[in-house]
Amino acid sequence: MSLMLFVLVMPFIVVIASTTSSARAQVELKLDGDDRWIAPADADPQSPASQLHQAQLSLARGDAARAYNLATGWLDRFPGDPLRAHALLLKGDALLAQGDEYKALYDYEAIAQLYPGSDVFVTALQREFEIAKAYANGLRRKFFGMFRWLSASDDAQEILIRIQERLPGSELAEQAGMELADYYFRQRDLQLSADAYDLFVQNYPRSRQVEKARLRLIYSLCAAYKGPLYDARGLFEASARLRELQALDPVTAQRVGAEALIVRIYESEASKLLSEAGWYEYMDDPISAEIFIRRLVTKYPKSIAALLALKEIPALFAQLPPAVQKQCPDYPKMRKDLLGLEWNESEKSQPVLAPAPEGAPMEDTLPGELSQPSAATAPAPAPATAPAPAPATTPTTAPTTTPTTTP
């Protein structure tokens, strides 16, 4: 009976033992970030994932040279593996850890061009941004792998532009745009900095740095103006931007002194017209000179340049043909209202200081002392000068004398 029971139970024992041994030999699976079951890296030491994991461990321990060798060998052995983008990132990180960031850019760029859909695409662009930022702030490339001698500013600009093209609207692209604009601003390339800040304001109107971009844009436009002899288009743009800032953010506009900047731009634009009028007068073209003065006193009547032009307008007016004189504005009235001068009156004919009343303290006396009115101390009146006659349009008489020649 016992023998028969053993024969019947023995097959069940064998089945249970085999099931237990197979369960022990079964590999445990883990969930990855995409909720997929994957085997651990050390499940098969010869698998590509396990070998790549060993290279990652070497880099984490600080052995960048060994990690670089393992990653390079892995790329040679597994050219078509799905983890190739991770291997390229590991190789670039190993080069970066060894201080060879320029060579690391080749691996990061390979990820950006060949594997834009991989999960390390954004990480590679972040590595490129950090390298470009260092280059933009003065870090130089290695020369023959030893001395940092070569400028990498062109590489920095290209990388920062590519990041904005590859990740438009992202936070990384926003940082790259601001870094590029700041680079141009530091290099005093004011035209490019104005363009870069303008693009930043358009692309990221809700950014936390948009206020900085608006102010830097205005400063770049103002600083790009070199003087009355050069193009003044930047001044018009700066004036429009300042008024826009006053409408959008009055507190910031008041803090940076927007009104003072607008007045400065107003005077600069007026001086530009006065300079052009002076050039035409120098070229013996009074008609063109008067056209610019007319535009000056019409568009900028409260400017200093307009006052200077009204001081000299009688001499220029006398050179104009009668037909042009009829079309001119009322210059005599403008001189009277703005300068207090008659048409034939010169500013030099008016005394600069009125004579002090009798018994009043003079400028050159000490405090508390009164100057005694006497012939020796009384101030002499300013000499009156006769107003210069307006230049005639045509000579009245020919010269009566002839120049004598000497042998």
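A nonpolar core is a set of buried Ala, Val, Leu, Ile, Met, Phe, Trp, Tyr and Cys residues joined through side-chain atoms within 4.5 Å. In the present structure, which is a predicted model, the largest such core comprises 67 residues. Within this core, Tyr197 and Leu242 touch the most other members. The greatest contribution comes from helix α8 (residues 171-186), which supplies nine residues. Apart from this core lies another, of 20 residues, including Leu273, Leu310, Phe317 and Leu320. In soluble globular proteins, nonpolar side chains tend to be buried together.

When neighbours within four places in sequence are left aside, Leu242 is in contact with Ile218, Ala258, Leu261, Ile262 and Ile265.

Residues up to four places away in sequence not being counted, alanine 67 touches Ala55, Ser58, Leu59 and Ala94. The C-alpha atom of alanine 67 is separated by 9.2 Å from that of leucine 52, a residue 15 places away along the chain.

The packing of one helix pair was also described. Helix α5 (residues 101-114) and helix α6 (residues 121-136) pack at an angle of about 145 degrees, and their axes are 9 Å apart. The crossing of these two helices, α5 and α6, is left-handed. On the α5 side, the residues that meet α6 are Glu101, Tyr102, Leu105, Tyr108, Glu109, Ile111 and Ala112. Their counterparts in α6 are Phe121, Ala124, Leu125, Arg127, Glu128, Ile131 and Tyr135.

Helix α14 (residues 286-299) has 14 residues, which at 1.5 Å a residue should span 20 Å; the C-alpha atoms at its ends are 20 Å apart, in agreement with this expectation. Buried residues of α14 are Pro286, Ser288, Ala289, Glu290, Phe292, Ile293, Leu296 and Val297. The elements covering these buried residues include α13 (258-282), α15 (304-318), α16 (322-327) and α17 (331-339).

Confidence in the model was considered last. The protein chain has a mean pLDDT of 79, and 74% of its residues reach 70 or more. Over residues 5-27, pLDDT stays under 50, and the model has three contacts beyond four places in sequence for this stretch. Values of pLDDT also stay under 50 over residues 349-407, for which 24 contacts beyond four places in sequence are present in the model.

Notes: Residues numbered from 1 in each chain as written. Predicted model: local features only at pLDDT ≥ 70, side-chain atom pairs only at ≥ 80, totals over all residues. Heavy atoms only, no water. Buried < 20%, exposed > 50% of the residue type's maximum accessible area, 1.4 Å probe, protein only. Helix = DSSP H or I, 4+ residues; strand = E, 2+ residues; numbered from the N terminus. Contact = heavy atoms within 4.5 Å. Expected span 1.5 Å × (residues − 1). pLDDT = per-residue confidence, 0-100. Axes fitted to C-alpha atoms, helices over the stretch in contact; angles between N-to-C directions. Left-handed = near helix turned anticlockwise from the far one by under 90°.
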